[in-house]
Amino acid sequence: MPLAEFEIFEPSDFRLRPLIGDFPNVQYTKTPIASASSVGKHLSFGWGGQNLDASGFDVFERFNLPVVTARGAVNILTTHDVRGVSSGLVDIKGFFRKQYTRYSMSRADKVITVSETMKAEIERNFANADVSVVYNGVDASLYKSISSEELSAFRRKYCLPDGYILAVGHLEARKNILHLINAVSLLRGRGLDVPLVVIGNDSGQGRLVSELIEKKSLGGSVRVLSGLTDLDVRCAYGLSSLLVFPSRYEGFGIPILEAMAASCPMVLSDIPVFREITQNQGLYFDCNDVEAIAHSIETGLHSTVRRKELVSYGDARVSDFGFDRLAAQLAVLYDQALQN
């Protein structure tokens with residue numbers, strides 16, 4: 001949209017300019033609000049900290065909760081999921097998450113989300129929400145251009161074994177890493193030693209993961225890597241034999257796109273959004289059944305025919321998630337919002 005002017009508000013602890021780039025129609029404004037600030041600090045952003053009401057925006061888009069709005073503008077909320085409402089949490093944190101999610105939805109003129117599955121979930125919970133879908137994207141060329149030297153350096157850096165399976169996701173309950181570790185233990189008990197590499201930061205289950213690895217005597221088979229660079233993560237896909245994605249709940253599933261870009265076969269939880277992204281062409285398992293996870297890993301590792309089918313499908317499907325295509329969809333939504 002070269003004729004539109006964009007102002008991008010950056011958090012105090014992270015720079016967006018290097019990710020987006022310099023364009024004549026883009027201005028970057030640093031805010032005093034950190035990316036992981038409390039709800040109150042985020043709300044203060046809209047209570048005069050940036051004087052949004054006087055900014056004269058035609059469209060104001062917020063990418064996280066709670067929604068801060070600009071008076072006189074079309075206010076858009078782009079959200080990955082609404083697990084704050086859909087989850088069964090009954091603790092005080094869950095209560096307040098549900099309240100500010102409901103508040104945010106009521107303040108948004110337009111909601112953009114990342115899958116048809118999530119659109120349906122939002123519409124079930126918020127009958128008056130105006131929801132559109134723009135998928136997440138991936139630059140597949142970054143995964144195709146990794147050199148053998150970069151792959152070797154990554155393997156040496158982390159002393160990784162050959163033939164490992166990969167899981168990517170923060171260590172939290174919905175990512176279901178504990179069941180995956182139990183499946184690896186089950187396979188080892190059957191004589192199949194499957195090395196597992198988990199990439200993710202601790203989001204509440206780090207201690208439980210470590211304790212289960214120790215309890216199952218899997219210290220030599222299961223590695224948890226945190227704080228990796230983008231190149232490190234791409235190399236991890238490039239060296240892995242199989243991606244295992246055991247989540248119980250997702251709004252999308254970016255590791256699916258990353259595995260496709262890296263021509264890495266994958267086995268996935270049988271949840272609606274994963275079937276949507278892979279058009280029912282994947283290899284799925286019941287995420288609550290350790291035996292089913294183990295069986296899918298065996299199939300994904302040892303069925304030459306199935307592996308070729310998965311890679312071939314992913315190589316073709318990943319082009320649907322190119323950023324040029326998704327940017328064009330987003331531009332249409334901006335234009336429609338301004339016309340309504």
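1. Let's start with one pair of residues. Thr113 stands opposite Val133 in β6. Keep in mind that you are looking at a predicted model. The two strands involved are β5, which covers residues 110-113, and β6; they run parallel and are joined by 3 bridges. If pairing is new to you, here is the background: strands of a sheet pair through backbone hydrogen bonds, and they do that either parallel or antiparallel.

2. Now zoom out from that pair. How many strands form the open sheet with the order β3-β4-β5-β6? There are 4 of them, and the pairing is parallel. At the edges you'll find β3 (59-62) and β6 (131-133), each of which pairs on one side only. Going from one strand to the next, the twist averages 25 degrees.

3. Next, look at what lies across this sheet. Helix α5, residues 116-125, lies across β4 (74-79), β5 and β6. Relative to β6, α5 runs at about 170 degrees. Angles here go from 0 to 180 degrees between N-to-C directions. Within α5, the buried residues are Met118, Glu121 and Ile122. Why do they line one face of the helix? Looking down the axis of α5, you'd see the buried residues fall within an arc of 100 degrees, so one face of the helix is lined by them.

4. There is another open sheet to find. Its 6 strands come in the order β9-β8-β7-β10-β11-β12, and the pairing is parallel. The edges belong to β9 (222-225) and β12 (284-285); each has a single partner strand, so one side of each has no neighbour in the sheet. Inside that order, β7 pairs with β10 (residues 242-245) in the parallel sense, over 2 bridges.

5. A loop residue for you to click on: Ala173, in the loop between β7 (165-168) and α8 (177-189). Is Ala173 buried, partly exposed or exposed? Its relative accessible area is 45%, so Ala173 counts as partly exposed, since that label covers the range between under 20% (buried) and over 50% (exposed). Setting aside neighbours within four places in sequence, Ala173 is in contact with Gln205 and Arg248. Ala173 and Ser247 sit 74 residues apart in sequence, yet their C-alpha atoms are 8.7 Å apart in space.

6. Here's a helix with a lot tucked away. Helix α11 (residues 254-261) is mostly covered, with 7 of its 8 residues buried. The buried ones in α11 are Pro255, Ile256, Leu257, Glu258, Ala259, Met260 and Ala261. After α11 comes Ser263, and its phi is positive, near 55 degrees.

7. Stay with Glu258 for a moment, and bring in Arg234. Arg234 has its place in helix α10 (residues 230-239). The C-alpha atoms of Arg234 and Glu258 are separated by 7.8 Å, while the two residues are 24 residues apart along the chain. With a relative accessible area of 15%, Arg234 is buried, because buried means under 20%. Which residues does Arg234 touch, not counting those up to four places away in sequence? They are Leu142, Tyr143 and Ile146.

8. Ser217 is not a glycine, although its phi is positive at about 55 degrees; Ser217 lies in the loop between α9 (206-215) and β9. Gln279 also has a positive phi of about 55 degrees and is not a glycine. You'll find Gln279 in the loop between α12 (272-278) and β12. Gln279 has a relative accessible area of 40%, so it is partly exposed.

9. Last stop: empty space. Rolling a probe the size of a water molecule over the atoms shows where such space is left. The count here comes to 1 cavity of 30 Å³ or more, and about 70 Å³ of space lies in the largest cavity. Among the residues lining the largest cavity are Met260, Cys264, Pro265, Thr278 and Gln281. Two elements, β11 (266-269) and α14 (304-317), each give two or more residues to that lining. Which of the elements gives the most to the lining of the largest cavity? That's α14, with 3 residues.

Key: Residues are numbered from 1 along each chain as its sequence is written. This is a predicted model: local features need pLDDT of at least 70, side-chain atom pairs count only at pLDDT 80 or more; totals for chains, interfaces and linings use all residues. Side-chain values use heavy atoms; hydrogens and water are left out. Two strands pair if DSSP finds at least two bridges between them. Contact means heavy atoms within 4.5 Å. Buried means under 20% relative accessible area, exposed over 50%, partly exposed in between (1.4 Å probe, protein chains only). The arc is that of the directions from the helix axis to the C-beta atoms. On a 1 Å grid over the protein atoms alone, a cavity is a set of points where a 1.4 Å probe fits but cannot get out, and a pocket is an open set with protein on both sides within 12 Å along at least five of seven lines; lining residues have an atom within 4 Å of a point. Grid points are joined across faces, edges and corners, and a volume is the space filled by probe spheres set on the points.
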